[in-house]
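Here's a quick briefing for anyone meeting this structure for the first time. Have a look at the sequence and the 3D view, then read on.

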Amino acid sequence: MRSRSVRVSGLPTPSEAVEPITTTEALAATCERMAAHPFITVDTEFLRESTYYPLLCVAQMATPDEAVVVDALAEGIDLAPFYALMANERVLKVFHAARQDIEIVWHQASLIPHPIFDTQVAAMVLGYGDAISYDQLVHRITGDALDKSNRFTDWSRRPLTPAQITYAISDVTHLRDVYQALAADLARRGRTNWVDEEMEILTSPDTYRADPDTAWERLKSRVRKPKELAVLIEVAAWREREAQTRDVPRGRVLKDDVIGEIAVQAPTTPERLASLRSLPKGFERSRWGQDILDAIQAGLARDPKTLPPIERHRPLANGSATVELLKVLLRMTAERDGVAAKVIATVDDLEHIAADDEADVRALKGWRRELFGEKALALKHGQLALAVERGRVILVERS
């Protein structure tokens, strides 16, 4: 089947029979054309419900005058030209909610797309709300309503349907208009560098490395003793390695809450492991049961001096009241300056600021410190006060 792209000045129509790219030669020619443009819009369709690593099924790209769908599962296709384009420093890659798309490229090609622009992050910086969805953002900027009925179709089945192809093309063609509108607004409001700071995090390899030794950090279990932390670290590391080896989701190996229970109980025999209600009957007799017991023993044998500190907020007089005041300041700042509160500071940030003026949180760094952090510290120390004037919360300097 001969591959072709659709050249568009407006939006795609369902009647356009866009054939996906299925050969390396066609992909290379397309990427060469696209590399001549200052920016391209990119999206991917993938599956990962039953795997640890995402399976890339489709990649779609658009320039101001061309849009294509790449069949990543086509027999014999080599995606090297696509990955080379992702690494081309002369071309800005525009995504919406880029993290999972970047993770796919990192896993498949061991590279991070660069430079990039994430329209979801830009929208948060411009006050469109916390983590606005793509279809909502498209509607607010262009007035168009996207048909998302194909979002959860099976993208691994072949052949791709005309409806799937139209859906894929629509995502990247609308993204051009969204990007140009947001970029212009950022420049007008002097916030382009704010988004640039966020892109440094999104393009850091550390964001995507799944190191088993640090797998415990994503767990919400609140261990209180060094012994519990040591077991948590070892069991979480075992689960991560097992999930990677078997290419299955972490939860298929062991649920998060089970790891937390194991860390607290630290069973050292099959009988004690069997007594945990969160494990299925007979689990202790399986190979994985013995692996977990080995991980528990490794944790118990660790020198407490080698463990990271267990994070505890220092007690603070009227700490809860301080955090509540900081929440009010955050909402006031977000409304006044048109920035999503979530992108300025989290509740954890506020709790850390309430406890420590030198807290290592993003709210006290870069543009966030200038916008909010300095005022938060001044409010905490009584140099500023909150007041209500004509129904609005305002800041008042105290002498």
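How many salt bridges does the structure hold? It holds 22, where a salt bridge is a side-chain nitrogen of Lys or Arg within 4 Å of a carboxyl oxygen of Asp or Glu. Keep in mind that this is a predicted model, so local features need pLDDT of at least 70 and side-chain atom pairs count only at pLDDT 80 or more, while totals for chains, interfaces and linings use all residues. Residues are numbered from 1 along each chain as its sequence is written, and side-chain values use heavy atoms, with hydrogens and water left out.

**Confidence**

- The chain's mean pLDDT (the predictor's confidence in each residue, from 0 to 100) is 91, and 93% of its residues reach 70 or more.
- Over residues 1–17 pLDDT stays under 50, and the model has 40 contacts for them beyond four places in sequence; contact means heavy atoms within 4.5 Å.

**Domains 1 and 2**

- The chain splits into domain 1 (24–207), domain 2 (212–301) and domain 3 (318–397), with bounds from an automatic or database domain assignment.
- Domain 1 and domain 2 have C-alpha centres 36 Å apart.
- Where they meet, six residues of domain 1 are in contact with eight residues of domain 2.
- Together these two domains bury about 580 Å², with 50% of it on carbon and sulfur atoms; buried area is the accessible area (1.4 Å probe) that two parts lose on being put together, summed over both.
- Ser50, Tyr52 and Tyr53 supply 81% of what domain 1 buries against domain 2, more than any other three residues.
- You'll find zero salt bridges between domain 1 and domain 2.

**A salt bridge to look at**

- Arg33 pairs with Glu66 in a salt bridge, their closest N and O atoms being 2.4 Å apart.
- Arg33 sits in helix H1 (residues 24–34) and Glu66 in strand E3 (residues 66–71), so the pair ties together parts that are 33 residues apart in sequence. Helices (H or I, at least four residues) and strands (E, at least two) are DSSP runs, numbered from the N terminus.

- The peptide bond from His114 to Pro115 is cis, with omega near -10°, and Pro115 is in the loop between helix H3 (99–109) and strand E5 (116–118).
- From Arg158 to Pro159 the peptide bond is cis too, with omega near 5°; look for Pro159 in the loop between helix H5 (134–142) and helix H6 (162–189).
- Ala97 isn't a glycine, yet has a positive phi of about 55°; Ala97 lies in the loop between strand E4 (92–95) and H3.
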